[in-house]
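Please read the following account alongside the sequence and the model.

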Amino acid sequence: MSAKNPIRVFVTHCFASHPDYHRVYEYMESTANFFYQNCSVPDHAPQGGGKEALKEEYRTQLKTAEVVIVLSTLYVEKVPPEIAKRAAEIVDWNERQIVDAIRRQARGEATNRWETIEFKL
């Protein structure tokens, strides 16, 4: 991964703005030496065509992505079991966990980063 070869990321959306959608991108932006290309465009909802038009627009946005992030907060209740079963990885809302999971799933990169905890004696 580099600025010339960013990881192509699609974050789920319902063709509407959602705080958690933006939060994922804030996490990626705040990570040093992490380069990505946003493949999702929530502001580009089809004007007509119904359900098939929506599916086609999602396919268009998804086809170039290396990683798909499914936001569990877009579901009214618990994440449907079928989606959880298909997930390669499920992580908490944690900047480091999300970015590390993207690297592993997109490019097979193991970050081998350690948490540093400072204690005052």
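Helices (H or I, at least four residues) and strands (E, at least two) are DSSP runs, numbered from the N terminus. Residues are numbered from 1 along each chain as its sequence is written. The model is predicted, so local features need pLDDT of at least 70 and side-chain atom pairs count only at pLDDT 80 or more, while totals for chains, interfaces and linings use all residues; side-chain values use heavy atoms, with hydrogens and water left out.

Ile-90 is a place to begin: this residue lies in the loop between α3 (81–86) and α4. With a relative accessibility of 65%, Ile-90 counts as exposed (exposed means over 50% relative accessible area, buried under 20% and partly exposed in between, with a 1.4 Å probe and protein chains only). From Ile-90 to Asp-100 there are 10 residues in sequence and 12 Å in space, C-alpha to C-alpha.

Helix α4 covers residues 95–107. Its 13 residues should span 18 Å at 1.5 Å a residue, and the end C-alpha atoms are 18 Å apart, which agrees; the expected span is 1.5 Å times one less than the number of residues. At the start of α4, a side-chain oxygen of Asn-94 comes to within 2.9 Å of the backbone nitrogen of Arg-96. Just after the helix, Gly-108 has a positive phi of about 70°.

Among the buried residues of α4 are Ile-98, Val-99, Ile-102 and Ala-106. The buried residues of this helix pack against β1, α1 and β3 (67–69), where contact means heavy atoms within 4.5 Å. Gln-97, also in α4, is partly exposed at 34% relative accessible area. Leaving aside residues up to four places away in sequence, Gln-97 touches Val-91, Asp-92 and Arg-104.

The aromatic residues come next. Rings of Phe, Tyr and Trp (its six-membered ring) pair if their centres lie within 6.5 Å; planes under 30 degrees apart count as stacked, over 60 as edge-to-face and the rest as tilted. The structure holds five such pairs. In one of them, the ring centres of Phe-15 and Tyr-58 are 4.7 Å apart and the planes stand at 40°, so the pair is tilted. Phe-15 lies in the loop between β1 (7–11) and α1 (19–29), and Tyr-58 in helix α2 (residues 50–62), so the pair ties together parts that are 43 residues apart in sequence. Phe-15 is buried at 14% relative accessibility, whereas Tyr-58 is partly exposed at 24%. Elsewhere, one aromatic cluster is formed by Tyr-21, Tyr-25, Phe-34 and Tyr-36.

How values were computed:
Polar contact = N/O pair within 3.5 Å; in protein donor to acceptor, adjacent residues only side chain to side chain.
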